[in-house]
Amino acid sequence: MKKFINNPQNLTRELLEGFAIAHADLVTVKSEKIVTRARKKPAGKVALVTLGGAGHEPALSGFVGKGMLDYSVVGDVFAAPGPPKVIEALRLAKRDAGILFVVLNHAGDVMSANMAAEMATQEGVKFKMLVTHEDIAPGGNAPAEDRRGLVGCIPLYKIAGAAAEAGKSLDEVYAIAQRFNENMATLAVAMKTATHPATGQAIFELAEDEMEIGMGQHGEAGTGPSKIKTADETAELMLSRLLQAIKAKSGDRILLILNGAGATTLMELYIVLRGCKKYLDAQGITLVEARCGEYLTVQEMAGFQMFVAKLDDELIEYWKAPCQTPALTVK
Amino acid sequence: MLNAATEQIRHNHEMLSRLDGAVGDGDHGTTILRAMEAVAKTVAEQKGDELKPLFSAIAWAVMSCDGGSTGPLLGSFFMGLADGAAGKSTFDAPALAALFAAGIGKLHKQSKAQIGDKTMMDAFLPALAALQAAEPSAGPKAALRQAAEAAAQGAEATKNMRAKFGRARNLGDRVIGHPDPGAVSVSLLFKGFSEAL
């Protein structure tokens, strides 16, 4: 394994210490693994809380800040944080306005969230839990529990966060977030494996001339390996499936995000994006905004997640509203 | 008993991570080792002989370990043991069966998995059945030995299963031929329990 680390046991603590130094104006770390805003949101507004393992930087804690998250509970590399830390964050966020608790659909995250939610209910914490599961790799008709939560949580934090800043009630913030949740889809593709920084092991195997569509963000298998295709062929193959999943048709307005997995260059993402735009134009679908970059990474894995969501006027307004976080700023 | 179980995991965690590489993300050995080290630490810091507070402290310590679903699941098991141990200090075979029934019952509230779903329940449930079927007169050691054998057989049987839960679920037929590392871990815990008495 070639990585600039110290003792693998201390990865998460050390990365959070560095993260807090780099973004001291925006975030602080509490109780070792809870990332929160440097300047608190007024208590009269709904708070956003999320949880997830480390190793995906800048996700998820890079999106803590004005206009997005209030608390992010960090687990060890690729591992959900345990319920005690999650309940601690829900207690910190507790307020009369309530909490939107966003959970990505992964077995450990959901289990930890459910146990913390049970305790929070007993303690009278007002919250609503929302699970993202926008991966379409298992097929459009697959049950929700089979579909993983991928990069879609990040635009969802953005939209729900903007609604919360605007002073919407918990029911309203939840309804807006849920509408976005139901109209988004992600498909991932991988080309090269990543090394698990704690074990030093490759997280999956792929031959030099192969790619795999549907690969999850911890190397979980997708629809099986295939020969590498060109950027345009890959763009069309993935985008056509995504548009079908969200039932996008001519005249619809969409948001598109190409999220690099860690080792795929911005050059490649731009070339794929160009292919996506050509395909959208041919379908008569309007691209409201496109973003290329690294939002949720998997160490040095090569590949990307392609995300699309159908937007309406209200969702566009919240997507374009200002935010200031370590990993995303909108002015 | 708990320390012997931890010892089993200490000896086998690398093998467990390798097994997980075939069906998951290759860190199960690390995760279960961290959980059992938390158990050992809690046992070492124990004050008094009462079992209920010990199991409660262990449950909280295990749940505080990050590790996908392993922490919450094992934590629930120990929470159940705490409920089952209330007011007891010695266990004959039927009392031991009742104690484990409380632990596994609590765990089953978090995991809906049944036998055949390729999870740790494939080891837990046969072990519980063996404890419940054990002759009361044979004593707790014999009962635990039968439970350990049943857990090992259950873990071995996961080789031929497809997964219905967790990350392995997405792999479909590709996990056939590989045992579930969670079930193997549970069989090692029971091996430790049975050898300790």
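1. Two residues are said to be in contact here if their C-beta atoms, placed from the backbone, lie within 7 Å. With that in mind, and remembering that this is a predicted model, one can look at how the parts of chain A meet: 22 residues of domain 1 of chain A are in contact with 31 residues of domain 2 of chain A. The domain assignment places residues 11-183 of chain A in domain 1 and residues 184-310 in domain 2, and the centres of these two domains, taken over C-alpha atoms, are 23 Å apart.

2. Which elements of domain 1 of chain A give two or more residues to the side that touches domain 2 of chain A? They are the helices α4 (153-165) and α5 (170-182) of chain A. Sorted by class, this side of domain 1 of chain A holds 12 nonpolar, 6 polar and 4 charged residues.

3. Six strands form an open sheet in the order β1-β2-β4-β3-β5-β6 (chain A), and their pairing is mixed. The strands β1 (27-30) and β6 (127-132) of chain A stand at the edges with a single partner strand each, so one side of each is left without a neighbour in the sheet. From one strand to the next, the twist averages 25°.

4. Within this sheet, strand β3 (residues 47-54) of chain A pairs with strand β5 (residues 99-104) of chain A in the parallel sense, over 4 bridges, and A:Thr50 stands opposite A:Val102 in β5(A). Helix α3(A) packs on the sheet, where it touches β3, β5 and β6 of chain A, and its direction makes about 155° with that of β5(A). Helix α5(A) also packs on the sheet, touching β5 and β6 of chain A, with a direction that makes about 5° with that of β6(A).

5. How do α2(A) and α3(A) cross, and how close do their axes come? The two axes come within 8 Å and cross at roughly 50°, which makes α2(A) oblique to α3(A). The crossing of α2(A) and α3(A) is right-handed. On the side of α2(A), the residues that meet α3(A) are A:Pro83, A:Val86, A:Ile87 and A:Leu90, while α3(A) brings A:Ser112, A:Ala113, A:Met115, A:Ala116, A:Met119 and A:Ala120. By class, the contact of α2(A) with α3(A) has 9 nonpolar residues, 1 polar residue and no charged ones.

6. The next point concerns the meeting of the two chains. In this model, 27 residues of chain A are in contact with 25 residues of chain B. At least two residues of the side of chain A that touches chain B come from each of β4 (71-77), α2 (83-93) and α3 (107-122) of chain A, and α3(A) gives the most, with 5 residues. The side of chain A that touches chain B has, by class, 13 nonpolar, 11 polar and 3 charged residues.

7. Finally, a helix pair in chain B. Helix α5 (residues 93-110) of chain B and helix α6 (residues 121-133) of chain B pack at an angle of about 155°, with their axes 9 Å apart; α5(B) and α6(B) are therefore roughly antiparallel to each other. The crossing in which α5(B) passes α6(B) is left-handed. B:Leu96, B:Ala97, B:Phe100, B:Ala101, B:Ile104 and B:Leu107 of α5(B) make the contact with B:Phe124, B:Leu128, B:Leu131 and B:Gln132 of α6(B). The residues of the contact of α5(B) with α6(B) divide into 9 nonpolar, 1 polar and no charged.

Conventions: Residues numbered from 1 in each chain as written. Chains lettered and ligands numbered in written order. Predicted model: local features only at pLDDT ≥ 70, side-chain atom pairs only at ≥ 80, totals over all residues. Domains from an automatic or database assignment. Nonpolar A, V, L, I, M, F, W, Y, C, P; charged D, E, K, R; others polar. Axes fitted to C-alpha atoms, helices over the stretch in contact; angles between N-to-C directions. Parallel < 35°, antiparallel > 145°, perpendicular 65-115°, else oblique. Left-handed = near helix turned anticlockwise from the far one by under 90°. Pairing = 2+ DSSP bridges.
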